[in-house]
Amino acid sequence: MSPWLTVVGIGEDGFKGLGKNARRALMGASRIVGGQRQLDLLPLCIGGERQLWPSPFSLAPVLEQRGAAVCVLASGDPMFYGVGASLARQLPSDEMLILPAPSSCSLAAARLGWPLQDVVTLSLVARPLAALNAQLFSGVRLLLLSNDGASPAAVAQLLRERGFGSSRISVLEHLGGDAERRIDASANDWCDPPIADLNVIAIECRANADTPRLSRLAGLPDSAFRHDGQLTKRDVRAITLARLAPTPGELLWDVGAGSGSIGIEWMRAHPSCRTLAIEADDGRQQLIEHNRDALGVPGLQLIRGKAPQALAGLERPDAIFIGGGVTREGVFEACWEQLKPGGRLVANAVTLQSEVTLMHWRERYGGELTRIHVAQAQPLGEFDTWRQALPITLLDLVKPFDA
């Protein structure tokens, strides 16, 4: 099938900045769908019917015209956080022709002299600002697609609160157009000038001298989490996550999530990793919500309830961690049934009763039992001695493909 839909990326320079193919597609279209700002960039000689996207947003105006000569207008590169990506999930590639313009991030990198492959990009458009927390590392360069003109001030405030007030901020407005403008300042000195809604925020991250270092590797300091004592401690957490082995795009069930530390670090491993944190205690639910935002994974989904009842109807996971409720009847069986073939299940036990439960599971399902002993040097009078933490028994098993 030849393409009936053309998705045209248009910049601030409007119709005059389009290539020959994009102009030809617009001239021949029976209908042109886009936002008001994009449609206003077209000259009167474009005769196709112009249609605004509906509110709330829907692809229906395009999909209903399947087979007609339709154009969609998008800002910059339609496949970079744009409507082209949404359409590509609904239509086969041979029905669409995508003609991109330079993205705002490409233009920003060109203005700043930043190699684009070395820059981390993030969209704040209708997304939680807290996601920025996972990207803050000294020396990193960030390009943020703003939600609106208030975004730069909100970003500057977050940087100050997270110990990155020395970071350099550049806000670039109306890139590629006659009204292009750039404003530079540190986060500490940001004075909240009026900013156009169409802007990109560039950040050179610089941590304050006393800002804690938070690696993406498993095993964040316990102090990085708010908790009530129900926390998988740092060394055990690192071992547990190594056994869970997160890879891009995978879903974890964190059952009996406590403060959410396992699920949070799972998601910090890769932006596409997801977590369902199952927790029944109201106070711990609030801790999870705080920790997920503070550590930059606001997409972590909290399931309020007690396993196994709360597990009914949830999306099947690629991996499961049982940190609480090991001895509760039906928890393991419900988890094992829903775990995808080839998925990993890790359960930790600290009491004799829960350890016996893990041993029974191993007898029935196989897997590997590991005893973890961690001791820390602590003062004893004028000397130091080893203080032994409670030993942890860890069960690690993989669900067979024929199970």
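Biologist: Which residue in β3 stands opposite G34?

Modeller: G34 faces L52 in β3. This is a predicted model, in which local features need pLDDT of at least 70, side-chain atom pairs count only at pLDDT 80 or more, and totals for chains, interfaces and linings use all residues. Residues are numbered from 1 along each chain as its sequence is written, and side-chain values use heavy atoms, with hydrogens and water left out.

Biologist: In what order do the strands of the open sheet stand?

Modeller: The order is β3-β2-β4-β1-β5, with parallel pairing throughout these five strands. Strands here are DSSP runs of E with at least two residues, helices are runs of H or I with at least four, and both are numbered from the N terminus.

Biologist: Why are β3 and β5 said to stand at the edges?

Modeller: β3 (49-52) and β5 (96-99) each have a single partner strand, so one side of each lacks a neighbour in the sheet. Neighbouring strands of this sheet are turned by 20° against each other on average, direction ignored; the axes are lines fitted to C-alpha atoms.

Biologist: What makes β17 and β18 a hairpin?

Modeller: Two residues lie between β17 and β18. Six bridges join β17 (residues 375-380) to β18 (residues 383-388), and the strands run antiparallel. P379 has D384 in β18 as its bridge partner. In the turn, G381 has a positive phi of about 65°.

Biologist: Why is helix α8 called mostly covered?

Modeller: Buried means under 20% relative accessible area, exposed over 50%, and partly exposed in between, with a 1.4 Å probe and protein chains only. Eight of the eight residues of α8 (residues 261-268) are buried. Among them are E265, W266 and R268.

Biologist: What covers the buried residues of α8?

Modeller: The cover includes the helices α7 (234-244) and α9 (282-294), and the strands β11 (251-255), β12 (274-279), β14 (319-322) and β15 (344-349).

Biologist: How many helices and strands does the protein have?

Modeller: The protein has eleven helices and 19 strands. Of its 403 residues, 47% count as buried. Taking contact as heavy atoms within 4.5 Å, 64% of the contacts between residues at least 6 apart in sequence join residues at least 24 apart.

Notes
Pairing = 2+ DSSP bridges. Axes fitted to C-alpha atoms, helices over the stretch in contact; angles between N-to-C directions.
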